[in-house]
Amino acid sequence: MRLPGRCTLKYVAASLGRRGVFASRLNVLRRNSWNAAEFMPEAAGFEGVSGRDELQEYSVSNSESFWAAVAHQRLSWIRPFRTVQDCDLSRGRIKWFEGGKLNVSVNCLDRHVHTCPDRVALIWEKDEKGSEVRYTYRELLEMTCRVGNLLRRHGVTKGDCVTIYMPTCPLAVVSMLACARIGAVHNVVFAGFSAEALAERIRDAESSTVITVNQGLRGGKVTELKKTVDTAVQSCPTVRQVFVATRTDNPVTMGAKDVAMEEEMLKEDVVCEPAAMDSEDILFLLYTSGSTGKPKGLVHTHAGYLLYAALTHKYVFSYQDGDVFGCVADIGWITGHSYTVYGPLVNGGTTVLFESTPVYPDPGRYWDMVERLKINQFYGAPTAIRLLIKYGDQWVKKYDRSTLKTLGSVGEPINTEAWEWYHRVVGDGRCPVVDTWWQTETGGICIAPKPSDPDAAIVPGMAMRPFFGIKPVLVDTEGKVLTSNNTSGALCMAQPWPGMARSIHNNHQRFLETYCQPYPGVYAFVVLKKGVEVQEADLVKQLSNIVSEKIAKYASPDFIQVSIVKRLPKTRSGKIMRRVLRKVVECDLEGLGDLSTLDDPAAVQEILEGHEKLLSKR
């Protein structure tokens, strides 16, 4: 599975482009102060393993033995697996733990109810400040069973796809777990997407059922989610029913397909027989945002994904029994799936559902929440950190953050200034900052500073160390592995791991072409700072030379568009819409698609004019 980049090897798992130039720092520091068996009990059975280095090396060189041991120990199986893996990345064949049967919801709920039924599973930090709601594992299981029975009564069966269009709330988590319990596939769509974007994902997933709320509430603002669903399903002939939960007191119009969710849930039993699922049955589809092309429905399966989420959650963040884990990502993204829902719950943890924004009702929202909920691990995005820096340190220092033990960064590279502020101000200089590299395709964290020896160095703004079972390599333009120091190339993964995506829904060929094959052509967009005046030809030459010297000649762009571009098209959350840029480069204006999530649609016109000007010179 190759992640988009200029050059990749056909037989690698994933290209990690944004870290390529820093590959020489992806070293594992050798220490002797770390006992592997104390850290990971399974390591007691790994011959020759006593420290972190040896454990990492064993997990890569003895991959089957490593993953078999942790899978037996960390997951509850209905039937044990026969084989550990059957993978051929050149053909896009990825299979783990075949022959095994399990149920994800049982692993996340039932087994904890047997041992600690009154432990808090979820803390819902509602949009309204100071109005958190706690749910125990027993309560969460009962809600999940009610929804599972409700779905079954309305004809949802094993393999059916249920689209969930909800804010980050307990019923959204319950809906995900209920799907897993009865063997349905869930397709969570970010509740900020437009009706057109939602409809596209419903149609591609072929969903017959949609779950939503009457209205959303975020940052003090009401969003009409039910109305968005009403518009979307008009162009989705497969949809038979829409379950509507209640988030606000405002009534909404209910149509012939609509079902009042809470009202119907009360009619259901609190016991729901879990389906026995094959390891490689589909757990969920999750569509990329569309910033690099048509949204791709990445396929993740039951056993491998759950195991990888469990292991990375525990060891990257040093999660301990009794900790409160605060991942502030929306459940509509992979971060919310892996580190708000599945990772913490499979480990029997307490996880926070954050419904609001970092600046509502004021810039101290995160840190007030940390104090009230006594959060131990905080996992957020660099975009939010940079935003909060602008408001000053006083909004952080106003609150007690002494419970924090680990700070995490996710979503994009974190710049040194933001990293240092995060570490110094938020963490009082005592909490390690783990800058994590991964994305939807990888299922979970692949590179991060932790786990490591207790005294191992952490370099600001760098992911640094591969996780267990992850083998990064550098390859050149010919696909050959580079082994010398002071060199550069495409950073790739040399072998599969259980958490990786299996395919793109209904388009495995696209999966192969996108992740397992190289593609030519580099096109760069350049935005000048305000007040900078420079001759375009001189700048293009200068930039080409810099890329050639600092990275490699092969990385020098074929086209550099400077001209009149003042800004790039971005979503309201600050993410560059690469899908739009790609369509401009391909001269496919009809394929620009939904632009409703752009913060300023006028930027697209500027890009188009600059592109036409560049082509006219060729």
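How many of the 13 residues of helix H11 (residues 334-346) are buried? The count is 13 of 13, so to speak a mostly covered helix. Welcome to this predicted model; the points below walk through its sheet, its cores, one lysine and an annotated span.

**The open sheet**
- Eight strands make up an open sheet with mixed pairing, in the order E12-E11-E8-E6-E7-E14-E15-E26.
- At the edges stand E12 and strand E26 (503-504), each of which pairs on one side only.
- Strands in a sheet are held as pairs by backbone hydrogen bonds, in a parallel or an antiparallel sense.
- Here, E11 and E12 pair in the parallel sense, over three bridges, and valine 242 stands opposite aspartate 258 in E12.

**Helices on the sheet**
- Helix H6 (residues 170-182) packs on the sheet, where it touches strand E6 (161-165), strand E7 (185-188), strand E8 (209-213), E11 and strand E14 (282-287).
- The direction of H6 makes about 175 degrees with that of E6.
- Helix H8 (residues 225-233) lies across E6, E8, E11 and E12, and runs at about 155 degrees to E8.

- Lysine 257 sits in the loop between strand E11 (241-245) and strand E12 (258-260).
- This lysine counts as partly exposed because its relative accessibility is 36%, which falls between the 20% and 50% cut-offs.
- Beyond residues up to four places away in sequence, lysine 257 touches Val239, Arg240, Gln241 and Val242.
- A polar atom of the lysine 257 side chain lies 3.0 Å from the backbone oxygen of valine 239.
- Valine 210 is 47 residues from lysine 257 along the chain, and their C-alpha atoms are separated by 10.0 Å.

**The nonpolar cores**
- The largest nonpolar core has 129 residues, and those with the most contacts inside it are Phe66, Trp67, Phe97, Leu171, Tyr342 and Leu345.
- Apart from that core lies another, of 28 residues, including Ile123, Leu407, Ile414 and Ala418.
- Leaving aside neighbours within four places in sequence, phenylalanine 97 is in contact with several residues, among them Trp67, Ala71, Trp77, Phe81, Leu307 and Pro498.

**After helix H11**
- Glycine 348 follows H11, and its phi is positive, near 70 degrees.

**An annotated span**
- An unreviewed UniProt entry carries the annotation "domain: Acetyl-coenzyme A synthetase N-terminal" for residues 53-108.
- In the model, that span is 46% helix and 18% strand, and its end C-alpha atoms lie 31 Å apart.

Notes: Residues are numbered from 1 along each chain as its sequence is written. This is a predicted model: local features need pLDDT of at least 70, side-chain atom pairs count only at pLDDT 80 or more; totals for chains, interfaces and linings use all residues. Side-chain values use heavy atoms; hydrogens and water are left out. Buried means under 20% relative accessible area, exposed over 50%, partly exposed in between (1.4 Å probe, protein chains only). Helices (H or I, at least four residues) and strands (E, at least two) are DSSP runs, numbered from the N terminus. UniProt positions are given in the numbering used here, feature names are shortened, and annotations may be inferred rather than shown by experiment. Contact means heavy atoms within 4.5 Å. A polar contact is a pair of N or O atoms within 3.5 Å; within protein, one must be able to donate a hydrogen and the other to accept it, and residues adjacent in sequence count only if both atoms are side-chain atoms. A nonpolar core is a set of buried Ala, Val, Leu, Ile, Met, Phe, Trp, Tyr and Cys residues joined through side-chain atoms within 4.5 Å. Two strands pair if DSSP finds at least two bridges between them. Axes are lines fitted to C-alpha atoms, for helices over the stretch in contact, and angles run from 0 to 180 degrees between N-to-C directions.
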